[in-house]
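Please open the model in a viewer and keep the selection tool at hand.

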Amino acid sequence: MWATIAVIAVSILIFFIEFPRLKRKKKMKEIWWFSTLLLIATTFSVLESRNVQQPNPLDYIQAFYTTIHSWIGL
């Protein structure tokens, strides 16, 4: 619980530090990218702090090559 609150608090702090700088320079494209990536990173961090099983990219690669390997018959 406290880890989740800490992740969200740090995320909010980062947002309030960076957003005014970007807004002052009128960088709308960067604001959207920054907000999107911060939201994604915060989501994954909260899930990690709650011990939710997250997909591993290597699992997908292994499944792909296992299928190819079974087609070839090695």
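Select Asn51 to begin. Asn51 is exposed, with a relative accessible area of 69%; here buried means under 20% relative accessible area, exposed over 50%, and partly exposed in between, with a 1.4 Å probe and protein chains only. Asn51 lies in the loop between helix H2 and helix H3 (57-72). Helices are DSSP runs of H or I with at least four residues, strands are runs of E with at least two, and both are numbered from the N terminus. Although Asn51 is not a glycine, its phi is positive, at about 60 degrees. Most residues other than glycine have a negative phi.

A note on the coordinates is in order before the next selection. This is a predicted model, in which local features need pLDDT of at least 70 and side-chain atom pairs count only at pLDDT 80 or more, whereas totals for chains, interfaces and linings use all residues. Residues are numbered from 1 along each chain as its sequence is written, and side-chain values use heavy atoms, with hydrogens and water left out.

**The other loop**

Select Lys26 next. Lys26 is found in the loop between helix H1 (2-24) and helix H2 (28-49). The phi of Lys26 is near 55 degrees, which is a positive value in a residue other than glycine. With a relative accessibility of 69%, Lys26 counts as exposed.

**The whole chain**

The secondary structure comprises three helices and zero strands, and from the N terminus on the elements run α-α-α. The radius of gyration of the chain is 19 Å, well over the 11 Å that the globule rule gives for 74 residues, so the chain is more spread out than a compact globule. That radius is taken over C-alpha atoms, and the globule rule is 2.2 Å times the number of residues to the power 0.38. Along its principal axes, the C-alpha trace spans about 60 × 35 × 10 Å.

The chain exposes about 6,600 Å², of which carbon and sulfur atoms supply 70%; accessible areas come from the Shrake-Rupley method with a 1.4 Å probe, and for residues only the protein chains shown count as cover. Of the 74 residues, 11% count as buried.

**Two distances to draw**

Select Ala9 and Tyr65 and draw a C-alpha to C-alpha distance. These residues are 56 residues apart in sequence and 41 Å apart in space. Ala9 has its place in helix H1 and is partly exposed, with a relative accessible area of 43%.

Then select Pro57 and Trp2. Their C-alpha atoms are 28 Å apart in space, and the two are 55 residues apart in sequence. Pro57 is placed in helix H3 and is exposed, at a relative accessible area of 56%.

**A nonpolar patch**

Select Trp33, Leu37, Ile40, Phe44, Leu47 and Val52 together. These residues make a nonpolar surface patch of about 570 Å². Patches are made of residues with over 30% relative accessible area and no salt bridge; like charges are joined within 9 Å, and nonpolar side chains (Val, Leu, Ile, Met, Phe, Trp, Tyr) within 5 Å. Within this selection, centre on Phe44, which is in helix H2 and is partly exposed, with a relative accessible area of 44%.

Which residues does Thr42 touch, not counting residues up to four places away in sequence? Select Thr42 in helix H2: it touches Val7 and Ser11, contact meaning heavy atoms within 4.5 Å. Thr42 counts as buried at 15% relative accessibility, and its side chain reaches the backbone oxygen of Leu38 at 2.7 Å.

Move across to Ser11, whose place is in helix H1. Ser11 is buried, with a relative accessible area of 11%. Leaving aside its neighbours within four places in sequence, Ser11 is in contact with Leu38 and Thr42.

**The salt bridge**

Finish with Arg21 and Glu18. A search of the whole structure finds one salt bridge, defined as a side-chain nitrogen of Lys or Arg within 4 Å of a carboxyl oxygen of Asp or Glu. Arg21 forms it with Glu18, the closest N and O atoms being 3.5 Å apart. Because they are three residues apart in helix H1, Arg21 and Glu18 are separated by about one helical turn. Arg21 is partly exposed at a relative accessible area of 43%, and Glu18 counts as partly exposed at 28% relative accessibility.

How values were computed. A polar contact is a pair of N or O atoms within 3.5 Å; within protein, one must be able to donate a hydrogen and the other to accept it, and residues adjacent in sequence count only if both atoms are side-chain atoms.
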